[in-house]
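Thanks for making the time this morning.

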Amino acid sequence: QVLGELRPKDPNAIKALAAGVSRSHVLGRYALKALARYGTQDALRVVVRAVVDNEMLADQAIHLLGEAGSAASGAVAEAFADAPTDKRIRLLQVLARNPGKELIGPLVHALATPDISDAAQQIAMAAQGQMSAALLKDFRSAIARTLDEPLPEHVGGILLGLAAKFDRSGA
């Protein structure tokens with residue numbers, strides 16, 4: 001925390017705090033909090049990495065990313081594709097709290113992934129009310145493009161169902 005106060009947004013301070021995340025869980029908690037306060041993309045990437053790589057700090061990292069809101073969306077969306085399947089849902093939940101354009105790609109990808117498509121459907125339904133008209137249009141377009149690809153029957157049904165719920169006139 002002191003590093004952040006002495007040298008705000010200094011890349012060397014971010015590196016030092018990132019190293020502290022992996023040293024111990026106690027130090028890691030303080031380092032994550034300081035990184036989240038920085039709010040830069042580099043600092044938030046370290047917090048996202050804690051969700052994926054550090055099970056002991058994952059819950060706190062998710063909480064801090066949620067508090068960071070849309071500022072964390074870019075870092076979370078970047079990490080989504082490389083995250084293990086079980087972590088993708090947690091990252092998707094963070095993105096869905098403040099729906100923006102960064103949500104579309106990971107959400108459609110999760111919907112097209114048989115292992116997590118049911119959970120992704122629930123997240124999509126919960127986020128629908130917070131999505132702007134432009135975002136809903138982009139989401140429907142992404143679903144339409146995905147439906148053109150070969151998909152398992154279960155996944156195709158989920159995507160068709162969401163298309164119908166999100167756009168009754170066009171489904």
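The structure holds 5 salt bridges, a salt bridge being a side-chain nitrogen of Lys or Arg within 4 Å of a carboxyl oxygen of Asp or Glu. Before I go into them, please keep in mind that this is a predicted model, in which local features need pLDDT of at least 70 and side-chain atom pairs count only at pLDDT 80 or more, while totals for chains, interfaces and linings use all residues. Residues are numbered from 1 along each chain as its sequence is written, and side-chain values use heavy atoms, with hydrogens and water left out.

Asp42, Arg45 and Glu78 are linked in a network of salt bridges. Within it, Asp42 pairs with Arg45, their closest N and O atoms being 2.7 Å apart, and these two residues are separated by about one helical turn, because they sit 3 residues apart in helix H4; helices here are DSSP runs of H or I with at least four residues, numbered from the N terminus. Arg45 also meets Glu78 at 2.8 Å, N to O, and since Glu78 lies in helix H6 (residues 73-80) and Arg45 in helix H4, this pair ties together parts that are 33 residues apart in sequence. As for accessibility, where buried means under 20% relative accessible area, exposed over 50% and partly exposed in between, with a 1.4 Å probe and protein chains only, Asp42 is partly exposed at 48%, Arg45 is partly exposed at 30%, and Glu78 is partly exposed at 46%.

Another salt bridge joins Asp59 and Arg90 at 2.5 Å, N to O, and because Asp59 is in helix H5 and Arg90 in helix H7, it ties together parts that are 31 residues apart in sequence. Asp59 counts as exposed, at 52% relative accessibility.

Let me turn to a loop residue. Asn54 is placed in the loop between helix H4 (41-53) and helix H5 (58-68), and is buried, with a relative accessible area of 13%. Not counting residues up to four places away in sequence, Asn54 touches Val21, His25 and Arg49, contact meaning heavy atoms within 4.5 Å.

Finally, which residues in H7 and H8 meet each other? On the H7 side they are Arg88, Leu92, Leu95 and Ala96, and on the H8 side Glu102, Leu103, Pro106, Leu107, His109 and Ala110.
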